[in-house]
Amino acid sequence: MSATTGPSAGMPPEVPRAAFTPRLISFFSGTVGLVVKVALLSFSNALAIWAGYVLAVRHQWIGLIVLVLVTAAIDALYFGGRRVLPLKFLIPATLFMIAFQIVPIVYTIDVAFTNYSTGHIASKSDAIQQIQLNSLQPPANGKQYTMGAARDAHGNLVLILQDQAGGATFVGTKKGLQPIPKSAVKTGALGITEAKGYKILKGNELFSLDSTIRALKVPTTGHSAISAQTISTAAELEPTLRYDAKGNTFTRITDGVVFRDNGKGSFTHGKQELEPGWKTGVGLRNFGSILHDPLVSGPFFRIFVWTFVFAVSVVFLSFSVGLLLAIALDKKGLRFQRLYRSLVLIPWAVPGFLSLLIWQGLLNDDFGVVNRILHLNIPWLFDGNWAKVSCILVSFWLTVPYFFLVSMGALQAIPVELTEAARVDGGGPLQIFRKVTLPLLLVAVSPLLIASFAFNFNAFNNIYLLTGGGPTQSNQPIAGSTDILISYTYKLAIAAGKGQDYGLASAVSIIIFVIVATISAVSFSRTKALENLN
Amino acid sequence: MKSRKRVAALLAVVLAAMCAALAGSVKSTVASSKAGPTITIWADQDRKTSVIQLANAWATARGTTVNVLVHDFGKIRDDLGTVAAAEAPDVIMGAHDWTGQLAANGLVQPIILSAATKKNFPAYTLQAFSYGTAVKKLYGVPTQIENIGLIVNTKLVKVPKTFAQLETEALAFKKKKAGNLGIAVQQGTNGDAYHMYPFFSGLGGYIFGVNKAGNLDPSDIGVSNPKFLKNAWMINKWNKERLINSKLDASTAQNAFLKGQAAFWVTGPWNSDTLKQSGLKFTIIQVPKIRYRSVPFLGVQGFLVTKYAATHGVESLAQDFVANYMTTADAQGTLANASGRWPANIAAGKQFKDPVLSQFGKAGVGGVPMPNIPQMNSVWGDLGQAWVRSTKGAGAEKAAASFKAATRAIANKIG
């Protein structure tokens, strides 16, 4: 009797069927893989060429150059062979990181050195054009006309005008007004429709000449001139400002006041400013105002301390409770284990944005469900200190699922032999946790703790949606009790002064970035000490 | 073999790319040679249908085409500053308090209306769309007016003729049952200076004073002017009586009124459908005079011509649509019917028959248009917070100190 279970003679040897993944990979190697690769590369190249055409039509040369470089890089990479194999896996993520992280950061740094804000978003030439347009006003006894653009017998562009007050009819040219008999002109619903001796422009011919028609100014008396306003009306206007291109100044015609370019993006004369201004570089002025402007520098330290405390508290509390839950629910053979784990993940069921708004309603002092059901009278959102507690508690509620999952994963990675050995050596559960489990856990989780700290340092949603920056005090009416650096920046830069100040917001954002980067870098270098344990 | 495969692959790639490129460029050239110019209009979702109808009627009469794009109303003002010129609109719908910021950014074109057209509109609606530090120019054509009013549940209380009567009735109603409110006016953690404005103006407050030339003067901030401070003690009294509670937010206030837990509600015509469908018997009045007339803020909405109309070479057409067509009584009436707001054109207003909206209109008589200068941005948050601090019940600050702090903050921010 043979105890072996070898194959009986005559049957081919059984080859074990490979697992799914290797089979999938081998399916896509060879011809099939090549075809797929060619198809995908064709698609991306076609997309690049079409996008390049669109960019070229709009004269976006920088975008075009970047597009060409990126497409060439992708092509070289996927046709490159073995040497560039690692790059194939790095390039997509790197490209996305550059597009969505590096580029916005570079742009923010650029904006921080400009005066980009309300009243300073146009280019200088646009601003000068608008100032001139805005300075036109009807003179005393200025008239308004029904108008029809026409060509005279020589083919020159003229305006046929009828005074809306008196009914007198004229033909207007660069040289001035000339009366023409009223009988020669017929008007209709769309302005002047016929004029004897002139060909009234209609339809596309009229529409395509719009800029030329609007540029035709018929001089009347003094500085006044008649120009087209709508497709069928014209008005007599006189400028109140005169632009001197050589001297780069505007002069007010009535009293000769001169407005000069003040180097900060506007034409000014003392305190008077011509609007609009334009966007220009202002060097370190935004950073300077962080130090000198009492609005920014006054509450800075208090807000910074609260931001730091908030971030540390949320991370510490969420990690502690998340770890505790992970350990408690890790027991083998625990009944309803899956149910408990799902319950812990409930805070993630609804998008954070909605949860925060719902919590704002739940925690309302007088009308919220929390105070009603628990028969409490706690001023959750309208008292300075309690609002801080509310912010920490709600953010903690939102972050626990994350640390629960992370801890669960990290706990599985700790070899069972170590804890068993420790138990054999006579360690109690708490000792085992402190000396064995926690250090090994921290090695894996420290980067995540630091990342979560950085996230909560800038948790704009968590603060702004819940308390709006918190109840304010009369002695500090702008910076509320729960304002963190980023929400205070928002209040100053977006809802302040003369509209929105993006330059200042960008400058403060960079400062916040430097703070967070410093803290993170220091923390990362310190956690290297934990690596030595292994 | 490998290099042949590679060449074949490269060739296939390049060929495919060129086909796509050709297709793309052909499509682009075909698209750009269409007949005639197009006016692009940004309208919001609520008024899209009537704007499309009106714009098409105008375009057919003029022999041109119009393209109405839906754009979130709250984003139009800011997006206009960042949109690329090729996709920018030529005409936008807008609120009058955007005028200052848009004009200061150089994004809108001045509009000249004939004297005859101007007579068709109440002066304040044209003022609302006018702006200028040196020369005041009109930048928009008003089409709709709105303002908040005091909704009184006539089954629960009598319509008050004086503010003292309002106080007595509201407090008596509040005492009747636990959970009843005095006046349901929304504030919340962020405050709401807009809804609190009737109370503010009734006590003598104003936002910006008017200088000799008739323009708003941002250096004259009236948030804690002497007349207001003299009457500020009333806010402390209201707070003690819990007549006004700053912890009420918008949905709580609405639900309280609809469920009969509040007899007085301060809200605007955007809730007129909700009111009509609630089945409650109500009257809408202006908040009774406190020490001065308790006038609400007036909001005017209309159309503006953007600077991109000039860039696109269609400015005369865009101006014609806004200044000649949208000012007519017919166009304004159509828009008003579709959007549930009172039309700005006086003739259209006479033909507009909606009982709820006409009550709102009467509640706005004497109202103040919201200041449209960019400095107004600084005011909302601080003024709202001043009310929140002084009406939050236990632990509320004294109104005088609270509003003085708000004035300091606003002055600091305006600089």
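This note sets out numbered points on a predicted model with chains A and B.

1. Chain B, overall. The secondary structure of chain B amounts to 19 helices and 15 strands. Along the principal axes, its C-alpha atoms fill a box of roughly 90 × 65 × 50 Å. Of the 415 residues in chain B, 52% are buried. Among contacts in chain B with a separation of 6 or more, 77% are between residues 24 or more positions apart.

2. Strand 13 of chain B. This element, residues 297–305, is mostly covered, with 9 of its 9 residues buried. Strand 13 of chain B pairs in the antiparallel sense with strand 3 of chain B (residues 91–95) over 5 bridges. In that pairing, B:Leu304 of strand 13 has B:Ile92 opposite. Strand 13 of chain B also pairs in the antiparallel sense with strand 6 of chain B (residues 140–147), over 7 bridges. There B:Gly302 of strand 13 has B:Pro142 opposite.

3. A parallel pairing of strand 13. Strand 13 of chain B runs parallel to strand 15 of chain B (residues 368–369), and 2 bridges join them. B:Leu298 stands opposite B:Pro369 of strand 15. As background, the strands of a sheet pair through backbone hydrogen bonds, in either the parallel or the antiparallel sense.

4. A four-stranded sheet in chain B. Chain B has an open sheet of 4 strands in the order 8-11-7-12, with mixed pairing. Strand 8 (183–184) and strand 12 (282–285) of chain B are at the edges; each has a single partner strand, so one side of each lacks a neighbour in the sheet. For strand 12 of chain B, the pairing with strand 7 of chain B (residues 149–153) is antiparallel and covers 4 bridges. Within strand 12 of chain B, B:Ile285 has B:Leu150 opposite.

5. The contact between the chains. Where chain A meets chain B, 64 residues of chain A are in contact with 71 residues of chain B. On the chain A side, helix 2 (31–57), helix 5 (124–134), helix 6 (203–208), helix 7 (210–215) and strand 16 (272–274) each supply at least two residues. Helix 2 of chain A gives the most to this side, with 10 residues. By class, the residues of chain A that touch chain B divide into 28 nonpolar, 25 polar and 11 charged.

6. A residue of helix 5. A:Asp126 has its place in helix 5 of chain A. Is A:Asp126 buried, exposed or partly exposed? A count of 17 other C-beta atoms within 10 Å makes A:Asp126 partly exposed, because a residue is buried at 20 or more such atoms and exposed at 12 or fewer. A:Asp126 is 370 residues from A:Ala496 in sequence, and their C-alpha atoms are 25 Å apart in space.

7. Domains of chain A. The domain assignment of chain A gives domain 1 (31–112), domain 2 (137–239) and domain 3 (295–531). The centres of domain 1 and domain 3 of chain A, taken over C-alpha atoms, are separated by 37 Å. Between these two domains, 4 residues of domain 1 of chain A are in contact with 6 residues of domain 3 of chain A. The domain 1 side of this contact has 3 nonpolar, 1 polar and no charged residues.

8. Two hairpins in chain A. Strand 9 (residues 218–219) and strand 10 (residues 225–228) of chain A pair in the antiparallel sense over 2 bridges, with A:Ala225 as the bridge partner of A:Pro219. These strands form a hairpin with 5 residues between them, and A:Gly222 in the turn has a positive phi of about 60°. Strand 10 of chain A also pairs in the antiparallel sense with strand 11 of chain A (residues 233–239), over 4 bridges. In strand 11 of chain A, A:Ala235 is the bridge partner of A:Ser227. Strand 10 and strand 11 of chain A likewise form a hairpin, with 4 residues between them.

9. Helix 14 of chain A. How far apart are the end C-alpha atoms of helix 14 of chain A (residues 384–413)? They are 43 Å apart, which agrees with the 44 Å that its 30 residues should span at 1.5 Å a residue. Helix 14 of chain A bends by about 35° at A:Thr399, and the proline A:Pro401 follows within four residues.

Note on methods: Residues numbered from 1 in each chain as written. Chains lettered and ligands numbered in written order. Predicted model: local features only at pLDDT ≥ 70, side-chain atom pairs only at ≥ 80, totals over all residues. Pairing = 2+ DSSP bridges. Expected span 1.5 Å × (residues − 1). Bend = angle between axes of the 7 residues up to and from the residue. Contact = placed C-beta atoms within 7 Å. Nonpolar A, V, L, I, M, F, W, Y, C, P; charged D, E, K, R; others polar. Domains from an automatic or database assignment.
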